[in-house]
Amino acid sequence: MEKIKKPFLTAFLLCVINCLLLLPAQFGLNLLPGTEVRPASFFPVFAGIYWGLPGAIGIGLGNFFADWIANGRIVPTFLLGSLANFFYAYIPYKCWYTFKPLLNKKGFFIHDVKSLVKYILIALAACVMIALHVSIVLEAYLNLPASSNFLFLFMNNFEFCMVLGLPALMLLPYTRLKPFQPAHFQHGKIPSWACDLAGFLGIAIMGCYFLYAKGTPNQTLSYMVLFVSMGLLALGACKKIRIIPQAQDDDGLLKTSVKIRIFIYCLMMALVMTIAMGLIVYAILSHYETDRMTLWSHVYTAIIISLNLILFVSILLLWVIEKQITLPLYLLAKRVNQSKAGGNELDILHSSLEFVVTASDGSAASEDEYKLYIGLNDGETNAPVYTAAQAREMVGAICLKHVNGYTATEGVGGWVDQKARPVYESTLIYTIFGASQQQIKTICDDILKTLNQNAILIEKNSHSREYYFGKDNARSN
């Protein structure tokens with residue numbers, strides 16, 4: 001019962017919220033007859049990705065009731081608009097979990113540059129779809145040429161998906177409103193390629209009509225295009241989710257938190273710069289333009305152009321410097337957490353600041369985390385030759401020859417020899433971030449030679465492990 005009640009309640013609440021968000025826009029700045037500037041146009045894409053099918057149903061019903069209340073009557077375009085808004089929410093949901101699904105993390109959405117680009121591409125496709133649909137509806141119902149409506153409608157949706165949808169997807173997972181993410185694999189008889197083809201054809205048919213149906217509006221053809229494209233989009237939405245989001249460990253959650261904060265600060269800077277640009281354009285044009293609606297339309301266009309340029313530059317900048325920024329801040333946050341758990345605060349702060357300085361030299365860094373498990377027993381005598389302190393000094397010097405920093409801890413390992421006797425061995429555990437696989441193996445080669453070891457256990461990102469026996473040993477190749 002609870003599994004049925006929660007989705008219905010979610011759909012109802014989102015219907016009410018979407019309706020309340022859309023109603024004020026009905027009396028706002030009109031872009032075209034029949035449509036207006038809608039800050040809430042980000043909500044379908046966001047709600048679809050966040051709440052899935054219940055979110056899409058709530059969006060479609062909310063749009064229908066908002067139009068009904070604002071106009072006082074029901075017309076056929078309301079039904080078409082509601083259906084389009086349903087797809088405007090549901091298709092991004094399906095795309096999110098079927099396009100590059102290995103990028104998805106359980107409980108999060110925008111967590112690195114790749115997921116940011118993924119969201120932009122999905123929002124772009126969804127906004128193209130809804131803009132084409134509304135353009136054709138306006139042509140069929142109001143005899144407005146579709147070609148003259150598309151750009152304004154597209155920008156009206158896409159900009160708010162960037163300005164409001166991005167921070168919502170970044171921050172809402174930290175609240176009590178948890179997302180509806182698929183927990184099980186989905187099975188279906190329709191091949192994935194058929195769903196992809198149907199969805200593409202649904203948008204392509206509307207696009208072809210938009211490009212080639214110039215001149216006098218054709219209402220009959222407009223309705224035919226709408227119904228065919230909606231049918232194909234419905235088939236495309238049947239694509240099954242094959243890979244579910246994976247949970248992260250504590251280190252992964254901390255790294256995600258650091259990246260989200262960086263993205264939020266960059267987005268805030270982009271918005272501040274965009275607002276400043278809009279104020280400048282308003283101050284200049286207000287001296288020459290007397291019609292207030294025309295003035296605001298020019299200011300709105302200027303804000304759109306500047307926002308797109310600033311966001312584009314910001315994404316390129318984040319793509320280039322993400323690793324150099326994220327890695328030092330992540331390590332600093334990790335050391336602070338260690339200090340709260342009882343570590344030596346001065347040592348932790350010193351090592352963190354040292355890593356931040358050395359990691360800011362502009363060299364490209366990997367985000368991989370390596371752990372090296374180094375035994376101290378001699379490879380031939382099976383007895384310790386060096387004390388743990390001596391070995392740490394030698395291994396630390398080797399590491400700093402090849403990487404910028406590391407964290408070292410001590411442990412005790414146990415294993416059974418060929419005669420079934422238990423053997424205990426002191427072990428050094430070195431954690432290294434931002435190194436390439438070649439650097440790690442070069443470090444291991446030097447350690448194997450210095451400590452006369454047979455093998456070193458290398459763990460990568462807490463899920464990949466291998467025993468490394470040296471570059472000249474066949475077992476390492």
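Reply: Before we start, a helix here is a DSSP run of H or I with at least four residues, and helices are numbered from the N terminus. Please keep in mind as well that this is a predicted model.

Me: In which helix is the place of leucine 13, and is leucine 13 buried, exposed or partly exposed?

Reply: Leucine 13 belongs to the helix that covers residues 2-22, which is α1. Leu13 is also listed, together with Leu9, Phe12, Val16, Ile17, Leu20 and Leu21, in a nonpolar patch on the surface that has about 630 Å² of accessible area together. Since buried means under 20% relative accessible area and exposed means over 50%, the value of 44% for leucine 13 makes this residue partly exposed.

Me: How far apart are the end C-alpha atoms of helix α7?

Reply: Helix α7 runs over residues 219-236, and at 1.5 Å a residue its 18 residues should span 26 Å. The model agrees with this expectation, the distance between the end C-alpha atoms being 26 Å.

Me: Which residues of α7 are exposed on the side away from its buried residues?

Reply: The buried residues of α7 are Ser222, Val225, Leu226, Ser229, Met230, Leu232, Leu233 and Gly236. They cover an arc of only 165° around the axis, which puts them on the same side of the helix, and what covers them includes α3, α4 and α6. On the other side of α7, the exposed residues are Thr220, Met224 and Phe227.

Me: How many residues apart in sequence are the parts that the pair of aspartate 196 and lysine 239 ties together?

Reply: Aspartate 196 and lysine 239 form a salt bridge, with their closest N and O atoms 2.9 Å apart. Because aspartate 196 lies in helix α6 and lysine 239 in the loop between α7 and α8, the pair ties together parts whose separation in sequence is 43 residues.

Me: Which strand holds glutamate 410, the partner of arginine 392?

Reply: The side chains of arginine 392 and glutamate 410 meet in a salt bridge, at 3.4 Å from N to O. Arginine 392 lies in helix α11, so the pair ties together parts 18 residues apart in sequence, and the strand that holds glutamate 410 is β4.

Key
Residues are numbered from 1 along each chain as its sequence is written. This is a predicted model: local features need pLDDT of at least 70, side-chain atom pairs count only at pLDDT 80 or more; totals for chains, interfaces and linings use all residues. Side-chain values use heavy atoms; hydrogens and water are left out. Helices (H or I, at least four residues) and strands (E, at least two) are DSSP runs, numbered from the N terminus. The expected span of a helix is 1.5 Å times one less than its number of residues. Buried means under 20% relative accessible area, exposed over 50%, partly exposed in between (1.4 Å probe, protein chains only). The arc is that of the directions from the helix axis to the C-beta atoms. Contact means heavy atoms within 4.5 Å. Patches are made of residues with over 30% relative accessible area and no salt bridge: like charges are joined within 9 Å, nonpolar side chains (Val, Leu, Ile, Met, Phe, Trp, Tyr) within 5 Å. Accessible areas come from the Shrake-Rupley method with a 1.4 Å probe; for residues, only the protein chains shown count as cover. A salt bridge is a side-chain nitrogen of Lys or Arg within 4 Å of a carboxyl oxygen of Asp or Glu.
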